[in-house]
Amino acid sequence: MEQPQPGDGPVKKRLGVMGGTFDPIHHGHLVAASEVASLFALDEVVFVPTGEPWQKDGRPVSAAEDRYLMTVIATASNPQFSVSRIDVDREGPTYTTDTLRDLRAAHADADLFFITGADALEQIFSWRDAEELFDLAHFIGVTRPGHTLTDPGLPAGGVSLVEVPALAISSTDCRLRVARGEPVWYLVPDGVVRYIDKRRLYLEDQDDHREGTGTGAA
Ligand SMILES: Nc1ncnc2c1ncn2[C@@H]1O[C@H](COP(=O)(O)OP(=O)(O)OP(=O)(O)O)[C@@H](O)[C@H]1O
Ligand SMILES: O=C(O)c1ccc[n+]([C@@H]2O[C@H](COP(=O)([O-])O)[C@@H](O)[C@H]2O)c1
């Protein structure tokens with residue numbers, strides 16, 4: 001990736017965009033964003049929780065406000081990280097073309113770098129208006145345990161593939177662990193463990209009054 005050179009004109013802000021359902025956000029997401037921020041000299045990474053993740057059909061997704069708040073809690077201590085409500089506040093299914101158009105309108109002075117794991121990148125041509133995506137942002141595909149990172153045929157120069165520290169963590173596994181009464185400490189940030197416990201998320205039976213709530217936080 002070319003770095004800006006003196007005499008190139010006004011230096012544009014380099015804004016990373018980490019989209020995800022974040023149900024819940026975990027350390028795999030945070031490490032990927034941090035590593036890409038360092039490798040690509042990003043000024044900021046904005047996390048964008050989905051509103052209605054239309055491809056996650058077949059299972060209920062937690063309320064957008066809960067996913068948004070967990071993302072705020074998880075990123076609050078990093079001055080380079082922020083969280084956007086644009087997808088949570090837009091009605092209807094979440095399409096990344098909308099996300100990127102809205103972010104470009106809000107940050108006209110920025111180049112956008114959309115960060116995506118190997119599994120999501122593999123599916124990118126099933127996203128709505130996929131061919132428009134690459135005019136809106138540069139895509140950065142990151143390695144993820146259990147998935148092979150390959151360019152799915154994006155336009156030349158449209159994607160960079162990078163290796164990030166391997167964390168075999170998924171939101172699915174975190175949810176299952178909570179439902180089984182197993183701990184999620186150190187898979188998700190401490191504040192997110194507490195939030196899951198407080199809101200009684202991911203329990204098989206939301207009215208279950210078992211001792212402890214399955215996060216191991218009690
Ligand atoms: N452990 C990980 N390492 C690298 N990238 C990841 C990791 N987990 C998720 N990602 C990437 O982060 C983005 C958002 O992921 P998402 O919120 O769907 O989490 P998930 O763990 O894949 O969730 P689920 O298990 O519910 O499908 C996607 O681009 C995904 O590929
Ligand atoms: O634009 C689409 O049609 C589209 C379809 C599936 C996923 N995405 C985006 O990909 C990112 C990761 O999504 P997910 O469902 O794996 O959490 C998130 O920003 C989604 O909005 C986008």
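Residues are numbered from 1 along each chain as its sequence is written, while chains are lettered from A and ligands numbered from 1 in the order in which they are written. Since the model is predicted, local features need pLDDT of at least 70 and side-chain atom pairs count only at pLDDT 80 or more, whereas totals for chains, interfaces and linings use all residues.

## Overall architecture

The protein chain contains eight helices and six strands. Here helices (H or I, at least four residues) and strands (E, at least two) are DSSP runs, numbered from the N terminus. Read from the N terminus, the order of elements is β-α-β-α-β-α-α-β-α-α-β-β-α-α.

Of the 218 residues in the protein chain, 37% are buried. A residue is buried if 20 or more other C-beta atoms lie within 10 Å of its own, exposed if 12 or fewer, and partly exposed in between, with C-beta atoms placed from the backbone. Two residues are in contact if their C-beta atoms, placed from the backbone, lie within 7 Å. Among the contacts in the protein chain with a separation of 6 or more, 70% join residues 24 or more positions apart.

## Surroundings of the ligands

A residue is near a molecule if its C-beta atom, placed from the backbone, lies within 6 Å of it. By this criterion, 18 residues surround ligand 1, and the closest are Gly20, Gly28, Gly117, Ser171 and Thr172. Two or more residues of this shell come from each of helix H1 (27–39), strand S4 (110–117), helix H5 (118–122) and H7. The largest contribution to the shell around ligand 1 is that of H1, with three residues.

Ligand 2 is surrounded by 13 residues, of which Gly19, Thr21, Tyr95, Thr96 and Trp127 are the closest.

For the classes, Ala, Val, Leu, Ile, Met, Phe, Trp, Tyr, Cys and Pro count as nonpolar, Asp, Glu, Lys and Arg as charged, and the others, Gly among them, as polar. The shell around ligand 1 has six nonpolar, nine polar and three charged residues. In the shell around ligand 2 there are four nonpolar, seven polar and two charged residues.

Serine 171 is buried because 23 other C-beta atoms lie within 10 Å. Not counting residues up to four places away in sequence, serine 171 touches Thr21, Asp23, Pro24 and His26. Between serine 171 and isoleucine 73, 98 residues apart in sequence, the C-alpha to C-alpha distance is 16 Å.

## The pairing of H2 and H8

The axes of H2 and helix H8 (residues 190–199) come within 9 Å and cross at roughly 150 degrees. H2 is therefore roughly antiparallel to H8, a term for angles over 145 degrees. In this contact, Asp66, Leu69, Met70, Ile73 and Ala74 in H2 meet Gly191, Val192, Tyr195 and Arg199 in H8. The residues involved comprise six nonpolar, one polar and two charged.

Aspartate 66 belongs to helix H2 (residues 64–75). Beyond its neighbours within four places in sequence, aspartate 66 is in contact with Arg199 and Leu201. The C-alpha atoms of aspartate 66 and aspartate 23 are 8.5 Å apart, although 43 residues separate them along the chain.

## Backbone features and exposure

The peptide bond from aspartate 23 to proline 24 is cis, with omega near 5 degrees. Proline 24 lies in the loop between strand S1 (13–20) and H1.

Tyrosine 186, in the loop between H7 and H8, has phi near 75 degrees, a positive value in a residue other than glycine. Arginine 200, in the segment after H8, likewise is a residue other than glycine with a positive phi, near 55 degrees. Valine 178, by contrast, is found in helix H7 (residues 171–180), and its C-alpha atom is separated by 8.7 Å from that of isoleucine 196, 18 residues apart along the chain.

| Residue | Other C-beta atoms within 10 Å | Class |
|---|---|---|
| Aspartate 66 | 18 atoms | partly exposed |
| Valine 178 | 26 atoms | buried |
| Tyrosine 186 | 11 atoms | exposed |

How values were computed: Axes are lines fitted to C-alpha atoms, for helices over the stretch in contact, and angles run from 0 to 180 degrees between N-to-C directions. Angles under 35 degrees count as roughly parallel, over 145 as roughly antiparallel, 65 to 115 as roughly perpendicular and the rest as oblique.
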